[in-house]
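This report examines one protein chain and describes how its parts are arranged. Please keep the sequence and the structure in view while reading.

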Amino acid sequence: GIGEPVESWPLPLPEVNAPYELTADDDFSKGLGIQWQWQANPKKEWYTAENGALTLPVLPCARGESLLWYMPNVLTQMPQTRAFTMQMTVTLAADGDGDEAGIAVMGHDYSALALHRGAAGNELVLYRGKVTARTAEEEGVLRLPFAGDTVTLRLYFEDGGTVHYAYELNGQETLLDGSFPAAKSTWSGAKPALFARNTANRAGGQGRFGAVSFECL
């Protein structure tokens, strides 16, 4: 009741033996790690994470536009360092043309690299996105034919906010032409991300992601 004493603690607080560090890597062996954030309140049907793999189904965006900025089921995390690489192996289990899965850096200026099922077969597509006061705009700036359903994707996030993309096949890395600016988001800074979608905004197949690893640059 009113007037009752409250608990108190001595100051300064006792030292913590080991400061807590959030791990950016995730092998999905224990589900989805706490370092990940969705672009909206999460739903169970957006993913499965088990047996060392993350599966993201291709789902239509309720807004009616398949733009990464508007998709609630884009999986992101806050960077733990100012400069880093992120990489993982992606398998696209496409159900039709337009299905794709890949990596991105989200913000008001954003970019992405996806393994995409096109009308003539699979290809790698590099995207640039821009958020304006009224809407978001997105374009494919590079397309490369790709023979296969599985590829290792990598992004380089440089100190200062410049992003480069690369892919690796049979141990050989290919750095893609072009660099992209990273910019803050509405409520946070730029964030690396994983996604699966259909560019025509249809339900489709799925993207399967192996262990995600980060390294400081």
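Predicted model: local features only at pLDDT ≥ 70, side-chain atom pairs only at ≥ 80, totals over all residues.

## The largest pocket

Which residues line the largest pocket? The lining consists of Trp38, Gln39, Trp69, Met106, Gly107, Ser185, Thr186, Trp187, Ser188 and Lys191. The volume of the largest pocket is about 210 Å³.

## Overall architecture

The protein has 16 strands and 0 helices. Along the principal axes, its C-alpha atoms fill a box of roughly 75 × 40 × 35 Å.

The protein comprises 217 residues, of which 42% count as buried. Contacts between residues at least 6 apart in sequence may also be considered: 63% of them join residues at least 24 apart.

## The nonpolar cores

The largest nonpolar core contains 38 residues, and those with the most contacts inside it are Ile103, Tyr165 and Leu194. Two or more residues come from each of the following elements: strands E3 (53–57), E5 (84–93), E6 (99–106), E7 (109–118), E8 (121–131), E10 (150–158), E11 (162–169) and E14 (191–198). The greatest contribution is that of E5, which gives 5 residues.

Setting aside residues up to four places away in sequence, tyrosine 165 touches Ile103, Ala104, Val105, Ser111, Ala112, Leu113, Leu126, Arg154, Leu155, Leu175, Leu176 and Phe180. Another core, of 18 residues, lies apart from the largest one; Leu68, Ala112, Ala114 and Phe195 are among its members.

Beyond its neighbours within four places in sequence, alanine 193 is in contact with Val74, Leu75, Thr76, Met86, Gly102, Ile103, Ala104 and Met106.

Alanine 193 and phenylalanine 84 are 109 residues apart along the chain, and their C-alpha atoms are separated by 13 Å.

## Salt bridges

Side chains of opposite charge can pair when their charged atoms come close. The structure holds 10 salt bridges. One of them joins the side chains of aspartate 159 and arginine 82, with an N to O distance of 3.1 Å. Aspartate 159 belongs to the loop between E10 and E11, and arginine 82 to the loop between strand E4 (75–76) and E5; the pair therefore ties together parts that are 77 residues apart in sequence. Aspartate 159 counts as exposed, at 51% relative accessibility, and arginine 82 is likewise exposed, at 64%.

A further salt bridge is formed by aspartate 149 and arginine 117, whose closest N and O atoms are 3.7 Å apart. Because aspartate 149 lies in the loop between strand E9 (136–145) and E10 while arginine 117 lies in strand E7, this pair ties together parts 32 residues apart in sequence. Aspartate 149 is partly exposed, with a relative accessible area of 38%, and arginine 117 is partly exposed with 23%. Glutamate 123 and arginine 143 also meet through their side chains, at 2.9 Å from N to O. This pair links strand E8, which holds glutamate 123, to strand E9, which holds arginine 143, across 20 residues. Glutamate 123 counts as buried at 17% relative accessibility, whereas arginine 143 is partly exposed at 46%.

## Residues with positive phi

Most residues other than glycine have a negative phi. Where is phenylalanine 28 found? Phenylalanine 28 is located in the segment before strand E1 (37–38). Its phi is near 60°, a positive value in a residue other than glycine. At 0% relative accessibility, phenylalanine 28 counts as buried.

Asparagine 201 is not a glycine, yet it has a positive phi of about 65°. Asparagine 201 lies in the loop between E14 and strand E15 (206–209). With 16% relative accessibility, asparagine 201 counts as buried.

Note on methods. Residues numbered from 1 in each chain as written. Heavy atoms only, no water. Core = buried A, V, L, I, M, F, W, Y, C linked by side-chain atoms within 4.5 Å. Buried < 20%, exposed > 50% of the residue type's maximum accessible area, 1.4 Å probe, protein only. Helix = DSSP H or I, 4+ residues; strand = E, 2+ residues; numbered from the N terminus. Contact = heavy atoms within 4.5 Å. Salt bridge = Lys/Arg side-chain N within 4 Å of Asp/Glu carboxyl O. 1 Å grid on protein atoms, 1.4 Å probe; cavity = no way out; pocket = protein on both sides within 12 Å on 5 of 7 lines; lining within 4 Å. Points joined across faces, edges and corners; volume = space filled by probe spheres on them.
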